[in-house]
Amino acid sequence: TPLVVTVINVVVERVRYDAPGGCLFRGAMLTTDWKETQRCINVRMGHKIRSQNLNIRIGQAFTVQGKLEEYINKHTGEIEDQIKVIQLFEAPPKGANFIAYVANSEMYPNIGITTATAIYKEYSSNIFNILEQKNYEKLLAVEGVTPFKADTLIAGWHEDNRGKVVE
């Protein structure tokens, strides 16, 4: 039978398993314009993709190209949708995904939900340009953002290798 390849957008909700030999995470499916849907899917990466120095974190968004399959949940016995990854493109987090991503990532220590929310409320999707341009002044203009937090955000953003394609 021919290989049917599907492309979906997904945001990480929970990492079920992560090791050098592979990774399985549960994600919310997103529309083509990156809005959340009510559907969830498991995303399964084999060792070739997982071994490419990619950290999987809550709130992280991906465009996934892969083969749809079924997964039997060992704990509930339910059959769940799953996609086996062929190619993965890491996308910048948007909206509430930005808040969850920054607040839950080890790349941004000492940045919690309160700070991430305040920054996103102030700048919305323009935050990506602010971080990309290393604009400390705009970050410091947000209540609760100290020079240390501004440094953490900018360093984390640039160290995080946003927008990487993994095959």
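**View 1. The side chain of Asn9 reaches the backbone oxygen of Thr31 at 3.1 Å.** The model is predicted, so local features need pLDDT of at least 70 and side-chain atom pairs count only at pLDDT 80 or more, while totals for chains, interfaces and linings use all residues. Residues are numbered from 1 along each chain as its sequence is written, and side-chain values use heavy atoms, with hydrogens and water left out. Asn9 lies in strand β1, residues 6-19. Strands (E, at least two residues) and helices (H or I, at least four) are DSSP runs, numbered from the N terminus. Asn9 counts as buried, at 10% relative accessibility. Buried means under 20% relative accessible area, exposed over 50%, and partly exposed in between (1.4 Å probe, protein chains only). Leaving out residues up to four places away in sequence, Asn9 touches Thr31 and others, including Trp34, Phe62 and Thr63. Touching, or contact, means heavy atoms within 4.5 Å.

**View 2. Phe25 and Phe62 belong to an aromatic pair.** The whole structure holds 5 aromatic pairs. Rings of Phe, Tyr and Trp (its six-membered ring) pair if their centres lie within 6.5 Å; planes under 30 degrees apart count as stacked, over 60 as edge-to-face and the rest as tilted. The Phe25 and Phe62 pair is tilted, with 6.0 Å centre to centre and 35° between the planes. Phe25 sits in strand β2 (residues 22-30) and Phe62 in strand β4 (residues 61-72). The pair links distant parts of the chain, 37 residues apart. Both Phe25 and Phe62 are buried.

**View 3. Phe98 and Tyr120 form a tilted aromatic pair.** Their rings are 5.7 Å apart centre to centre, with 35° between the planes. Phe98 lies in helix α2 (residues 96-104) and Tyr120 in helix α3 (residues 113-123), so the pair ties together parts 22 residues apart in sequence. Phe98 is buried, with a relative accessible area of 0%. Tyr120 also counts as buried, at 16%. Ring pairs join Phe98, Tyr120, Phe128 and Trp157 into a cluster.

**View 4. Helix α6 covers residues 147-159.** Among the buried residues of α6 are Ala150, Leu153, Ile154 and Trp157.

**View 5. Val145 is found in the loop between α5 (136-140) and α6.** Is Val145 buried or exposed? At 7% relative accessibility, Val145 counts as buried. Val145 touches Thr115, Ile119, Leu139, Leu140 and Ala150, not counting residues up to four places away in sequence. Ile119 is 26 residues from Val145 along the chain, yet their C-alpha atoms are separated by 8.3 Å.

**View 6. Cys23 is buried, whereas Cys40 is partly exposed.** The relative accessible area is 2% for Cys23 and 27% for Cys40. How many disulfides does the whole structure hold? A search finds 0. A disulfide is a pair of cysteine sulfur atoms within 2.5 Å.

Technical notes: Expected span 1.5 Å × (residues − 1). Polar contact = N/O pair within 3.5 Å; in protein donor to acceptor, adjacent residues only side chain to side chain.
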